[in-house]
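Dear colleague,

I am passing on the structure we spoke of for your files.

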Amino acid sequence: MEEKNYRNYPVYLFATIIALLYVISFLPKEQQIFGVHLRHVDILSDLKQPAEEAQKETIDPYEYKGEDFWKKDDSGNITGMSPVYASIGGFDFIQALISAASNSAPVADPQFKNQELNGNTDQMSYFYNNLKNAAKKPVRIAHFGDSIIGGDLITMDIRDNLQKEFGGQSPGVLAITSQDIKFRMTTEHSFASDKWQTVDINRNPKKLPMVANGSVAIPKGGSWVEYAVTPHYKNLNAYKTVKIYYTDAKASSINYSFDGAPAKSVALNTNAGVQELVLNAPKPAKKVRIEFPVEGQANVFCVSLENGGGVIVDNFSFQGQTGENLTRLPLDLLQQFNGYMDYSLVILQFGLNVIDKIEKDPAGYDKNMVEVVKYLKQAFPKASFVMMGVNDKGFKKGANIVSDPSVLKLLAVQQSIAKNADIAFWNLFEAMGGMNSMESWVKANPPLASSDYTHFNDQGARKVADLFSAALIDGYKEAKNKR
Amino acid sequence: MPDVFERFSELLVYNSGEPLIFNSSFFLFFFFFCVLFYQFVVNHKRARVLFLMTLSLYFYYKSSGFYFVLVIISSIIDFVAAKWIVATEVQTKKKSLLIFSLATNLGLLGYFKYTNFFIDTLASANIAQLDFYDIFLPVGISFFTFQSMSYTIDVYRGKLDAEKSFFDFLFFVSFFPQLVAGPIVRASDFLPQIHKKIIVSKADIGRAVFLIAAGLIKKAIIADYISVNFVDRVFEWPGRYTGFENLMALYGYALQIYCDFSGYSDMAIGLALLIGFKLPINFNSPYQAASITEFWRRWHISLSSWLKDYLYITLGGNRNGKFRQYVNLAVTMLLGGLWHGANWKFVVWGGIHGLVLAIEKFLNFPAWVGKNKITRIIGILITFHIANLCWIFFRADSFETGMIMINQILFFFNGSILWQFLQGYPYVTLLIIVGFVLHFMPPSTEARMEKFVTSMPLVVQAIYLVAIVWLVAQVKTAGIHPFIYFQF
């Protein structure tokens, strides 16, 4: 007997499959089973019109209104009035499958927008005045941020841009030990990892002293650290002076050597408070090695690598932080540190680590960060302040990447912080291209951001720095022309 | 309602950047349409061929627009060349016809795939500075040119008769299941099937459902999820991660590329079975290989056997002494590497594989691992890690990035973050484990699972596939896994 031929079987099979998928598309939109969030599956959705999102009815004090937030009414008060961004359409199953699997769905090129500083820009005049005299007196900038500036990212290109414009060849402050040494492009940093005990601001039960970089290293004996120039940033090609900041030193000496020359010894100062030890290179050096031979010899904060005056930008990256705990840095030590550094400008770039929580308590974050700015103003009393708004962060809506709605909420909160703390605000989100811009940064050629749709890569960090530096330089030029 | 039609007609035309892939819902309707109307023509050979050929060309049009004419042009040239090769008795004339056919195919492939690569290479070697051309890479060109080349070479070698009907031949070259990503089907395997009566057995159906399901799981669940949520970002920036994470990403990539590629092949084989055509198996659990020699008998089999039969043997194979054999091996592997993409990194990748193949031959390694179970396990572990080492350079954007990755694994391992890793990436870890466990199943288990699927009634098979499609949709729309920094 001839074997049965099943060649019409696929018709019934696929008809059943399509019918079942059709039935599934009528299941409730969102469900939870055993705590797992399940998503809606609709095979026909690509033939339907995108669903209109329900209108919000309640009035939200933190509703993002773009840079129109800063518009002033006739009496000069910030109005915060203007239209709200439109919401994004529904989920498209075909788009979902096609775009995810092809990995090449067309995405528009990034649309950068030059953004000027907003908020209280008058207080920027201290910084602008100092920039004018940068050739005579060093202009120091503190760039505080989270992992977005880890490994000197963004900071290094702001530094590069400002140094090209106003002079300067110094990388600035570095910690003694650090986790980001592998991708730090501006300094080759190495240290004896088993010879240092490092405590940072997150876990500091003994309340060890700290300054602006938020960590302290304690030598275990025979401890060393080395810094060397790299070929990547031609401007930063030598060290003339290396300054060490520390406190609570025992009566003892450290050894140092430039470019592998025989080590020299120098005594630490046992006075209380933040101490500065200046090591001068006999000639501009490519490398410096510092040794702390004695266990528990001092609480060592950081070093500053310098090659003359001009603009110096210090990178203070607080991985995983929201910025709120900067008030844990002891005020007196910060003030003493500033006595050496004399900061002209403080940049604050936080937000990524509060995005997930911002919807719950926006007012709380607003209040805490205003306190932080007030605290830092006490520490750096003359400095100008600018808050950089959070960058766009991708969020999957169906299978499309859109702006995380919490980013908008956070931006509104950050604008409010800048307003309440009376400092300047720079809107990175708008500079990136505004709504849904992160996807275009990730898919740009070459890519500008990482595929976590959150962090920038080297090229993207360069772009962010370029956009921000342009805002500072424009502000400077405008201030100069006014006078 | 007009909007629906408008949207529908938009879907029907070519849209750059949206190739028609099997795991899209448009393809579901496309294939349903195919099997439905196939019933009316299945018993008439000419009608059946014309129907499937038209659908195949449409499928290609959906993926690459009007470049589908390339498939037709390439087919005309090879069809005519083969006819004339058979017609003439003069050996030199046969040879020049073959060379003409090969030159056309390789010329098309070279122009579309490698022009900018050569311009870039000339520029970086400071030989000449030329501008890049804006050249569209037609989907699947590497596959269909190799398919039709196998045809003319086999005809020239007298292993195959020239095909009488042009439409039969065009159907073979353009057959949609394998058109875009293989397997590379030999004319000698496929052409005879065209003339036979179409018979689909119950076992064929079961195998097809099994393969389509397996392919969806591999490609659209495992590969897509672990790449987007973990592997890609480590390869993007290995310096930001510990050696442990780098190693996990590397193992993850080994699984990802296998699942991606073999999953697509599985779906192609399954779909072809449903309309009564048998395509050759393309992957046979490659990481079960105990030597790189064996690896190439299990990895992308249709390509490696193609390279062996048409390149390695043509170069002389092992007939001209040991030294020539090594040279032939190296040339085959270097070109095989280059076939994967227009980039020197693929050449390096092929080169390392070629070198290891030569060393294995020299040491008689495959014989040693065949001694007993223990030597075989040792061989599997060594082979897996050599393959992984090669994947680093296959995947990394630059040689430098690859070296950073190796450096992190060797000198910054930090295995202590294991527990944090498991907590931070539960789904990624689960999918990697499930993927490798399935991969190392013995063939008998796979056969049993296939048999089980075959025994299911139609409705259950449909529910099984729907459940997987539903899972695929869940994975596609899952939120982006947040970036994680581990404290170490």
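Predicted model: local features only at pLDDT ≥ 70, side-chain atom pairs only at ≥ 80, totals over all residues.

Chain A

Chain A has 483 residues, of which 49% are buried. Its secondary structure consists of eleven helices and 21 strands. Among the contacts in chain A with a separation of 6 or more, 79% are between residues 24 or more positions apart.

One sheet in chain A is open and has five strands, in the order β6-β9-β14-β11-β12, with antiparallel pairing. Which strands stand at its edges? They are β6 (187-191) and β12 (264-267) of chain A; each has a single partner strand, so one side of each is left without a neighbour in the sheet. On average, and with direction ignored, neighbouring strands of this sheet are turned by 20° against each other.

Within the sheet, β9 (residues 223-229) and β14 (residues 287-292) of chain A run antiparallel and are joined by six bridges. Val225(A) has Ile290(A) in β14(A) as its bridge partner.

A parallel pair is also worth a look. Strand β4 (residues 139-145) of chain A runs parallel to β16(A), and seven bridges join the two. In this pair, His143(A) stands opposite Asn315(A) of β16(A).

Is β16(A) buried or exposed? The strand, residues 311-317 of chain A, is mostly covered, with seven of its seven residues buried. In a regular strand, side chains alternate between the two faces of the sheet. In β16(A), Val311(A), Val313(A), Asn315(A) and Ser317(A) point one way, while Ile312(A), Asp314(A) and Phe316(A) point the other way. The residues on both sides are all buried, including Asp314(A) and Asn315(A).

Chain B

Chain B has 22 helices and zero strands. Of its 488 residues, 45% are buried. Residues 24 or more positions apart make up 73% of the chain B contacts with a separation of 6 or more.

The chain is divided into domain 1, covering 2-195, and domain 2, covering 202-290 + 370-476. Between them, 13 residues of domain 1 of chain B are in contact with 17 residues of domain 2 of chain B. On the domain 1 side, α2 (25-41), α8 (176-179) and α9 (187-195) of chain B each supply at least two residues. The largest share of that side comes from α2(B), with three residues. By type, the domain 1 side that touches domain 2 of chain B has eight nonpolar residues, four polar and one charged.

Nonpolar cores

Which residues touch the most other members of the largest nonpolar core? In this core of 136 residues, they are Phe172(B), Ile212(B), Ile222(B) and Ile226(B). Helix α10 (residues 202-236) of chain B gives the most to the core, namely 21 residues.

Neighbours within four places in sequence left aside, Ile226(B) is in contact with Val231(B), Gly252(B), Gln256(B), Val428(B), Leu431(B) and Ile432(B).

Regards

Notes. Residues numbered from 1 in each chain as written. Chains lettered and ligands numbered in written order. Pairing = 2+ DSSP bridges. Helix = DSSP H or I, 4+ residues; strand = E, 2+ residues; numbered from the N terminus. Axes fitted to C-alpha atoms, helices over the stretch in contact; angles between N-to-C directions. Core = buried A, V, L, I, M, F, W, Y, C linked by C-beta atoms within 7 Å. Buried ≥ 20, exposed ≤ 12 C-beta atoms within 10 Å, placed from the backbone. Contact = placed C-beta atoms within 7 Å. Domains from an automatic or database assignment. Nonpolar A, V, L, I, M, F, W, Y, C, P; charged D, E, K, R; others polar.
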